[in-house]
Amino acid sequence: MRIGLIDVDGHNFPNIPLMKLSAWHKRNGDSVEWYKPLFHGFPNEPLDKVYMSKVFSFTPDYPYYINAREISKGGSGYCIEWMGGKEIYHIENDIKLAKEIETIYPDYSIYYEKMPEIRDTAYGFLTRGCPRCCNFCHVASKEGKCSVKVADLDTFWQGQKNIVLLDPNITACKDWKELFHQLIDSKAWIDFSQGIDIRLMTEEKAELITQMKIKNVHFAWDKYEDKDIVIPKFKMFQEISGYDHRKMTVYILCNFNTTFEQDLDRVYTIRALGYNPYVMLYNKKNIPQGDKLKHLQRWVNNRIIFRTCGKFEDFDYKKA
Ligand code: SF4
């Protein structure tokens, strides 16, 4: 069979399902190539099957005619829809990979040309699901309300220098310790790209995280009402790790259900605890230009400005 692939978002991140589909088809003797409208379109012979994968719902769909006998669409971009500022999950559009494809070692080579750095990096999930059910996040409805182990590290890692994990909440998984030891033993640079749930931090977890090779560890403080839980956890992690703001980032979700005063309080608190805050704006496209939330984001997320200008009221956004 002749198989075509379309990475609809085409962002600077490899599409894991497409890499697994490529590996599976190649193992079965099929030829796999990126779909190119000029090269594969009419009047050329149609491809036998084209897979389209889309990660983000806000990305426009593929605009060109697809010359194929069969087309299969998958990914969060096709099953999550934004309506009235909320994410709606369409289960009927959520196409899951068969287990034999989900567990295959990804064919990273399809991205060698587009992203040469991928030769040194492995991408994947050790766990899926999250028990938190945050209103602004689709993970619990899409992947389940429990964080469960879905793979061992060697499913998608074969000695690369870097490992990028996409797990939504690995610390909520009952097998976290075994997985952390796999990450320590890899001696690779670990990037928990989706962050670590600080509310579930323990001294034992912190000790093991500091045994990993980590350039920067990310946390989130999304709900203001978690203040009394997260502050002692942040203090404990900082004391055990000895890291400072250059190595610890905390995402702060604004424009969801907090006041501006609560946003500022989180920013100042995080900085005082020795971490680097990073403002994330919920539903950003609906925030008017000139709104102080956008100024807050510009002040906080520019590390040089944030470290030299101590107070938000002293920040001159017109000069920034
Ligand atoms: S903790 Fe993170 S992954 Fe889990 S539901 Fe909330 S935002 Fe999503």
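I take buried to mean under 20% relative accessible area, exposed to mean over 50%, and partly exposed to mean anything in between, with a 1.4 Å probe and protein chains only. By that cut-off N283 is buried, because its relative accessible area is 17%.

Before going on, I note that this is a predicted model, in which local features need pLDDT of at least 70 and side-chain atom pairs count only at pLDDT 80 or more, whereas totals for chains, interfaces and linings use all residues. Residues are numbered from 1 along each chain as its sequence is written, and side-chain values use heavy atoms, with hydrogens and water left out.

**Backbone entries**

I looked up phi for N283 and found a positive value near 55° in a residue other than glycine; N283 sits in the loop between β15 (276-281) and α10 (292-301). Helices (H or I, at least four residues) and strands (E, at least two) are DSSP runs here, numbered from the N terminus.

N255 also has a positive phi, near 70°, and I place N255 in the loop between β14 and α9. At 29% relative accessibility, N255 counts as partly exposed.

I then checked the peptide bond between F42 and P43, which is cis with omega of about 15°; P43 lies in the loop between α2 (37-40) and β3 (49-53). I keep in mind that most residues other than glycine have a negative phi, and most peptide bonds are trans.

**Helix α8**

I list V230, I231, F234, M236, F237 and S241 as buried in α8. What covers these buried residues, by contact (heavy atoms within 4.5 Å), includes α7 (203-210), β13 (217-220), β14 (248-254) and α9 (260-272). Just after α8, G242 takes a positive phi of about 75°.

**Ligand shell**

Which residues are around the ligand? Taking near as a heavy atom within 4 Å of the molecule, I find C130, R132, C133, C134, F136, C137, P168 and R199 around the ligand. I sorted this shell by class, with Ala, Val, Leu, Ile, Met, Phe, Trp, Tyr, Cys and Pro as nonpolar, Asp, Glu, Lys and Arg as charged, and the others, Gly among them, as polar. The shell around the ligand has six nonpolar, no polar and two charged residues.
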